[in-house]
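Hi,

Here is the structure I promised to pass on. Have a look at it first, and then read my notes below.

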Amino acid sequence: MILGIETSCDETSAAIVEAPLRVLSNVVSSQIDLHGPYGGVVPEIACRSHVRVLPQVIDEALRQAGVSYEHLDAVAVTVGPGLAGSLLVGLSAAKALALRLDLPMIAVNHLHGHLFSAFLDNDTPHPSRCLPFVGLIVSGGHTCLVHVDTLMHFRLLGQTIDDAAGEAFDKGANLLGLGYPGGPILDQMAANGNPAAIRFPRGRVTSKSGCGDLNPHLCFSYSGLKTSLRTYLQSHGVPDPDESVCADVVASYQEAIVQSIMARVELAMKDKDLLVVGGGVALNSRLRQLIRTRPDLKGKKVLLTPPKYCGDNAAMVAAVAGLGIGHRLENPFECDIQPNLAVAFAV
Ligand code: KG4
Ligand code: ZN
């Protein structure tokens, strides 16, 4: 019985998971209302809010699962990547609980949580029976393709060289004056627009610069798209949200983001059988539709994370621990936060 704790960014979450993957509760308290007026996450506000809310969130996760502290076998916590102050709140709570309850603490890479969140569904097989697979992580902080060889070995295939896909949604909504977070707002508005109205750049990465040893064709770039939207708005003016032209701009902008993701997914999947998709942007209805219907993915198996586990949540953190992927520490004092942790690295 694992208590999971997630505080890496702007969601405070605690969950109880019966190992490996049976979710008994998953409580998520969002800070959207606190950050909304600033148009993005304010780190100082985020960590102060985690401090205030986390104890109640943990109590509620235990209550909903019908579990008390003495039933727990381990405490799992995100140690990175994420905002340093926010990560420290979750880690401090996990350390205190592990010491007080005399339990092992399991340090978890947040990106591994997104990578395995698609398996948090009763109908999906255990991930060890699905190997190897290609993982697509699309979130507010990360956009990457990973080859999962074994549950212990992940190979980075490609990643963004500038903004993440979620950031592109958020910054686009900001430029259009539509609010925060941009992803869900643009997703909804795009449904009424014409995705072919404006041809925004698809972020092709042509040179190796910024990609290191990675294949540039599997890397992502969104800063040019954002600039292109800004230039468009400078010459055409910012449309009124009620005008149909606004929906057209949004649909076209969203189309550029999701088509750029699809092009890289198709390349990564050329001789592979299974695609697993997670992260907040995996909620996007156009992306979900394309992944399900794109001819190049026909005949391949796809596991899309269930919507309730796409955004940041502690069930995915506890699940990573349940799968034996996290780093188990008998002495929690040995653990520190790792704000820049990469997906291919163990904690
Ligand atoms: O995974 P997540 O909750 O947090 C991070 O680890 O970053 O992802 C948050 C991101 C935000 O950028 C948000 O705008 C985006 O996911 N997002 C969406 C949708 N819902 C949330 N992007 C596109 N379409 C959506 N429906
Ligand atoms: Zn995340």
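A quick word on classes before the rest: Ala, Val, Leu, Ile, Met, Phe, Trp, Tyr, Cys and Pro count as nonpolar, Asp, Glu, Lys and Arg as charged, and the others, Gly among them, as polar. On that basis, the lining of the largest pocket splits into 13 nonpolar, 16 polar and seven charged residues.

Some housekeeping: this is a predicted model, where local features need pLDDT of at least 70, side-chain atom pairs count only at pLDDT 80 or more, and totals for chains, interfaces and linings use all residues. Residues are numbered from 1 along each chain as its sequence is written, chains are lettered from A and ligands numbered from 1 in the order in which they are written, and side-chain values use heavy atoms, with hydrogens and water left out.

Now the pockets. A pocket here is an open set of points on a 1 Å grid over the protein atoms alone, where a 1.4 Å probe fits, with protein on both sides within 12 Å along at least five of seven lines; lining residues have an atom within 4 Å of a point. The largest one has a volume of about 950 Å³ (the space filled by probe spheres set on the points, which are joined across faces, edges and corners). Its lining counts 36 residues, with Asp10, Ser139, Gly140, Asp170 and Tyr180 nearest the centre. Helix α5 gives the most to that lining, six residues (helices are DSSP runs of H or I, at least four residues, numbered from the N terminus).

What sits in the largest pocket? Ligand 1 does, in the sense that more than half of its atoms lie within 2 Å of the grid points. Around ligand 1 there are 20 residues, and Gly140, Asp170, Gly183, Asp187 and Gly280 are the closest (near means a heavy atom within 4 Å). By class, this shell has six nonpolar, eleven polar and three charged residues.

Finally, the second largest pocket has a volume of about 210 Å³. Its lining has 13 residues, and Leu21, Val23, Leu120, Asp121 and Asn122 are closest to its centre.

Cheers

Definitions and conventions
Helices (H or I, at least four residues) and strands (E, at least two) are DSSP runs, numbered from the N terminus.
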